[in-house]
Amino acid sequence: MSKKGTKVCNGKIFKILNLKDTEYKIWEGNRQIDQMRIDELIKMYEEGSYEFIPGIISISNSGKIYDGFHRYSAAKEYCNKFNKNMTMNVNILESDDPKIIMNDFIKINKSVPVPEVYLTDLHKKEICEKI
């Protein structure tokens, strides 16, 4: 995949240089879009003057985002609202097989730290004891 506005970084990781020109859809297996989450991200982008979308956006072979759609949607709205541009790092999964996509999604999200707000005192104690 070498389209206008993209730059291959290494392997299947691409850098989308002009976010405004992209039109990705959400993968069918994703949760529903949460507009409140998108609005929170837009506010974060505004306050931080971001030039890139944090993290890597994961896309299936057919161009459907299966990880990072809220970040992508917020960045698109932010760019359109303020006439800005953001860079997006993309991981292209060379498959459209739902099982392979789900497996990759699970692997990606195993490394996502759980916010402290979700941990009860009991969980915190157990975690501290294991460390």
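## Salt bridges, strands and a buried helix

Five salt bridges turn up in this predicted model, where a salt bridge is a side-chain nitrogen of Lys or Arg within 4 Å of a carboxyl oxygen of Asp or Glu. A word on the ground rules: as the model is predicted, local features need pLDDT of at least 70 and side-chain atom pairs count only at pLDDT 80 or more, while totals for chains, interfaces and linings use all residues. Residues are numbered from 1 along each chain as its sequence is written, and side-chain values use heavy atoms, with hydrogens and water left out.

| Pair | N to O distance |
|---|---|
| E28 and K64 | 2.3 Å |
| R37 and E40 | 3.6 Å |
| E46 and K81 | 3.9 Å |

Let's take E28 and K64 to begin with, whose closest N and O atoms are 2.3 Å apart. This pair links distant parts of the chain, with E28 in the loop between β3 and α1 and K64 in strand β5, 36 residues apart. Accessibility is sorted into buried (under 20% relative accessible area), exposed (over 50%) and partly exposed (in between), using a 1.4 Å probe and protein chains only. E28 is exposed at 57%, and K64 is partly exposed at 27%.

R37 and E40 sit three residues apart in helix α1, so about one helical turn separates them. In general, an α-helix has 3.6 residues a turn, so residues three or four places apart point the same way. Both partners are partly exposed: R37 has a relative accessible area of 35% and E40 one of 47%.

The side chains of E46 and K81 also meet in a salt bridge. Here helix α1 supplies E46 and helix α2 supplies K81, 35 residues apart in the chain. E46 is partly exposed at 34%, whereas K81 is exposed at 59%.

Now for the overall layout. The protein chain has four helices and six strands; helices (H or I, at least four residues) and strands (E, at least two) are DSSP runs, numbered from the N terminus. From that end, the order of elements is β-β-β-α-β-β-α-β-α-α. Of the 131 residues in the chain, 31% are buried. Contacts (heavy atoms within 4.5 Å) between residues at least 6 apart in sequence join residues at least 24 apart in 71% of cases.

Strand β6 has two partners worth a look; two strands pair if DSSP finds at least two bridges between them. Strand β2 (residues 13-16) runs antiparallel to β6, joined by four bridges, and I16 stands opposite M88 of β6. β4 pairs with β6 in the parallel sense over five bridges, with I59 standing opposite I92 of β6.

Helix α2 is largely enclosed by the rest of the structure, because 10 of its 14 residues are buried. Among them are F69, Y72, Y78 and C79. The buried residues of α2 pack against β3 (25-26), α1 (35-48), β4 (52-59), β5 (64-67) and β6 (87-92). Just after α2, N83 takes a positive phi of about 50°.
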